[in-house]
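Please look at the sequence and the three-dimensional model shown here, and keep both at hand while reading. The report that follows goes through a few places where parts of the chain meet.

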Amino acid sequence: MIQLEAVYHRMGQNWSYAYDDDTLHIRLRTKRADVPRVDLICGDKYDWSKANEEVAMERWCSDALFDYWQAAVRPKYRRLVYYFALRDGQETVYYLEKGFFEQPPTVMYEGLFDFPYLNPQDVHKPPAWVKEAVFYQIFPERFANGDPSISPPDALPWGGVPTPTNFFGGDLQGVIDHLDHLSELGVDAVYFNPLFAATTNHKYDTTDYMRVDPQFGTNEKLKELVEACHARGIRVLLDGVFNHCGRSFAPFQDVLEKGPESRYADWFRVRQWPLGVVDGVPTYETFSFEPIMPKLNTGNPEVKDYLLNVGRYWIEEVGLDGWRLDVANEVDHEFWREFRRVVKQANPSAYILGEIMHDAMPWLQGDQFDAVMNYPFTNILLNFFAHRTTDATRFAHAIGAQLASYPQQISEVAFNLLGSHDTVRLLTLCEGDKRRLMLATLFQMTFQGTPCVYYGDEIGMDGAHDPLNRQCMEWDPAKQDRPLFDFFRSLIALRKAHPAVRGSGLAFVPIESQPQVLAYERWDANERFLIVMNNQERPVSIDVPVAQADAGWRDANTGAAVSAGAAGALHAELPAYGYAIWRAPASARAALTAEASVAE
């Protein structure tokens, strides 16, 4: 009997949405392994006879509890009413908006799920370039010192031990001097931590939003850097800190001096005058409990106008390609709606990326952000490859749940990171084992979304939590791990050359006898990849089930034919923390059994 209490659908959000100007994606949830077939019955509510169809839904992905089904439909008249037929061979249950029924509806304009009209203006359209991009994150103070004449007076020699307050003189000229490194690696987008005037080494306490920090250079130098990046096909994303400013921000200084009589008093959220800190808690709202980071009142029209002008100015002045927005979930939604309008007017292809570490659907309706920093993805990978607290089955389930949480076009541009200035470095989390780091990076680079490399990970830098994760970039080739760099470069090249590994076709292949072996297929209309990873200390000899073992599978790196194993399987001899990447023509069918799959 079908478990109806597990069945769920609603119109909108990640369940029923416009993927593009002509296509709707319809999804349904059922209990895991409970329903063998689901059909979507859909048509026009004004005249069913003029347009209707029955579409077999695909079991698109799964997690530990549920299967998620998806169908793509192109409504003839841009409107759609629909219901579901859940079939288990013995019974059929019809699921409508008004409930479950044993018989199909006879009146098609009453009680069905209803997508009223596919308005192109309502379609969430993230910038197309982001789907193809590989980002590189730079912490400016620690990347390279290209102009010692502008370094802080107390700057230390390059490569010393970082502390929360010391400086080493990293600047914009240093980035310009090392753009060859980025080009050689193959990245085509850079995300910079804050560049604007501030007092700290991290610059999240903005003093002046309209001026590059003098320790980094000038506004003109930033424009030179952006132009140099663009000449190499590298786009530039800046960090916008609009939730809070710094204590030295001129309006806040005026409030400190004049109190409630200041014309800027309402620019901030003051709980108690005079401003101060009582028992470790500021009397004004701040980021966390940091007295040097007072929270801005984005409900104040003057504050809003000021910050919106900042968002527009750097797009127009230096050709910025987008914004990463700090502490984005603590700023009101209406401000972000206006911010999006302003930024997209200045540059329709600008990428607007929010820092949100939890379910971000409220910000991803197409009226605020294009994407968010995908920390849930980060944690899924860290739990499997670094912390070793899960197995391949639970890994596949977690990825399935993550994909089911958002519309497909959002997943295609999700900012998939494995580390940042806010986290312990990946190599340290992997206990110095570069093989585990390589496996995590391999999955990151062969998954949909936008991967980001934290500076130095590609050459083997390690580091515990802040400030040790913000060490000076190592530029001595003798101290760099060049084989690791070549590994990163080859994966990025693979991703660039083969749309199948960055698209949406995905199927996990369970290897029942090997809980630490992860196998998955990636495909598009032209080719298929089968990737197998051995996430454990001992070598394994395995047969990976596929539907067509004789379909021309070859090693993606060497071109050598892959050995056939047991009937309907490919054979792999994997060393400890080893992997294989196999490639076949598109005619090779998907795996015989798939824990999760994602439709194209």
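## Contacts within the chain

The side chains of Q70 and R27 are joined by a polar contact of 2.8 Å, a polar contact being a pair of N or O atoms within 3.5 Å in which, within protein, one atom must be able to donate a hydrogen and the other to accept it, while residues adjacent in sequence count only if both atoms are side-chain atoms. Q70 belongs to strand β6, which covers residues 66–73; helices (H or I, at least four residues) and strands (E, at least two) are DSSP runs, numbered from the N terminus. Q70 counts as buried because its relative accessibility is 5%, where buried means under 20% relative accessible area, exposed over 50%, and partly exposed in between (1.4 Å probe, protein chains only).

The model is predicted, so local features need pLDDT of at least 70 and side-chain atom pairs count only at pLDDT 80 or more, whereas totals for chains, interfaces and linings use all residues. Residues are numbered from 1 along each chain as its sequence is written, and side-chain values use heavy atoms, with hydrogens and water left out.

Side chains of opposite charge can pair when their charged atoms come close. A salt bridge is a side-chain nitrogen of Lys or Arg within 4 Å of a carboxyl oxygen of Asp or Glu, and the whole structure holds 41 salt bridges.

| Pair | N to O distance |
|---|---|
| K125 and D21 | 2.7 Å |
| R232 and D180 | 2.7 Å |
| K496 and D188 | 2.1 Å |

In the salt bridge of K125 with D21, distant parts of the chain are linked, since K125 sits in the loop between β10 (113–115) and α1 (128–132) and D21 in the loop between β1 (16–18) and β2 (24–31), 104 residues apart. K125 is partly exposed at a relative accessible area of 44%, and D21 is also partly exposed, at 28%.

For the salt bridge of R232 with D180, R232 is in the loop between α4 (219–231) and β15 (235–240) and D180 is in helix α3 (residues 179–185), so this pair ties together parts that are 52 residues apart in sequence. R232 counts as partly exposed at 38% relative accessibility, whereas D180 is exposed, with a relative accessible area of 52%.

In the salt bridge of K496 with D188, K496 lies in helix α13 (residues 482–497) and D188 in the loop between α3 and β12 (189–192), so parts 308 residues apart in sequence are tied together. K496, at 30% relative accessibility, counts as partly exposed. Elsewhere, a network of salt bridges links R37, D39, E54 and R87.

Helix α8 (residues 375–386) and helix α12 (residues 434–445) have axes that come within 10 Å and cross at roughly 145°; axes are lines fitted to C-alpha atoms, for helices over the stretch in contact, and angles run from 0 to 180 degrees between N-to-C directions. The residues making this contact are F377, L381, F385 and A386 of α8 together with R436, L439, A440, F443 and Q444 of α12, where contact means heavy atoms within 4.5 Å.

Which residues does N416 touch, leaving aside its neighbours within four places in sequence? N416 is in contact with N374, F377, Q444, F447, Q448, G449, T450, P451 and C452. N416 lies in strand β21 (residues 415–417) and counts as buried, at 1% relative accessibility. The C-alpha atoms of N416 and T450 are separated by 5.5 Å, although these residues are 34 residues apart along the chain.
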